[in-house]
Amino acid sequence: DEAVRANLFDEIVFTGSDAAMTTSRELAQKEGIFTGVSGGGTLASALEFAQTKAPKGSRILAMLPDTGERYLSTPLFADVPADMTPEEKEIADSTPGEAPPGVPLPEVTEEATAFVEDMKAKHKIVIFSLQNCEFCWTIFGLFDALGLAYHRVDIDSFEYAKDNMGNKYRAALAAQTSCNTFPQYFVDGEFCGGAVDACMMWKKGELQPLLKKAGLETKDYQGDPFEFLPKWMTQNPLRST
């Protein structure tokens with residue numbers, strides 16, 4: 001926001017998820033640099049700039065904003081086993097870690113609140129999500145298996161980047177739900193929780209009557225909803241609940 005207001009940039013470049021993930025994998029495989037989707041997207045944009053716009057002989061700095069550990073159980077590194085080897089565990093334990101700082105949100109605006117209300121009113125099921133969130137993929141997988149039509153709002157997508165609208169919608173949503181994590185889903189305008197909540201509610205038979213009340217029918221799904229959870233939750237006690 002401050003950089004936009006101060007006009008500290010010349011151009012904003014959008015890189016799609018496919019290009020970002022491909023570049024991130026190539027960095028790990030060819031350069032030994034372990035970065036996530038954001039890092040891959042940054043380098044992909046820098047490479048495109050180097051090939052199409054940069055004057056000959058230019059030096060280009062690309063700052064990779066994240067590491068790859070948190071993406072191990074996502075499609076980015078889908079071929080990496082869920083469990084670490086003893087050697088990998090030793091390396092992981094040797095690196096101190098701390099929780100990331102919280103994301104400061106802007107003030108809640110009438111426009112952002114109206115957007116959230118409009119999405120809830122227009123769609124029987126609306127899911128507010130993040131593009132590369134594995135728990136968002138969990139609820140998408142479950143609802144797809146149930147044959148449910150839903151509308152997703154990826155608030156971190158490029159569509160909502162202008163004027164920081166994505167974070168404004170996020171602030172309006174948090175003001176209603178008192179929840180800062182994603183996904184957040186609504187059925188017929190009623191906030192029902194996140195991905196794990198949806199799995200638990202279906203398993204306990206609590207989601208079915210809410211869907212029926214909203215006039216929504218599901219497929220004859222007989223599976224375990226926890227199958228859609230991230231692979232690193234394989235041993236999670238929720239699975240036996």
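Mentor: Let's start with a term: a residue is buried when its relative accessible area is under 20%, exposed when over 50%, and partly exposed in between (1.4 Å probe, protein chains only). Keep in mind that this is a predicted model, where local features need pLDDT of at least 70, side-chain atom pairs count only at pLDDT 80 or more, and totals for chains, interfaces and linings use all residues. Residues are numbered from 1 along each chain as its sequence is written, and side-chain values use heavy atoms, with hydrogens and water left out.

Trainee: Is Thr138 buried or exposed?

Mentor: Thr138 is buried, as its relative accessible area is 0%. Thr138 belongs to helix 6 (residues 134-145); helices here are DSSP runs (H or I, at least four residues), as are strands (E, at least two), numbered from the N terminus.

Trainee: Which residues is Thr138 in contact with?

Mentor: Contact means heavy atoms within 4.5 Å. Setting aside neighbours within four places in sequence, Thr138 is in contact with Ala195, Cys199, Phe228, Leu229 and Pro230. Elements covering the buried residues of helix 6 include strand 1 (125-129) and helix 8 (195-203).

Trainee: How do I read the packing of helix 5 and helix 7?

Mentor: Two packed helices are described by the angle between their axes and the distance between the axes. Axes are lines fitted to C-alpha atoms, for helices over the stretch in contact, with angles from 0 to 180 degrees between N-to-C directions. Helix 5 (residues 110-122) and helix 7 (residues 165-177) pack at about 70 degrees, their axes 8 Å apart. They are therefore roughly perpendicular, the word for 65 to 115 degrees; under 35 counts as roughly parallel, over 145 as roughly antiparallel and the rest as oblique.

Trainee: Which residues of helix 5 meet helix 7?

Mentor: Among them are Phe115 and Val116, while helix 7 contributes residues including Tyr169 and Leu173.
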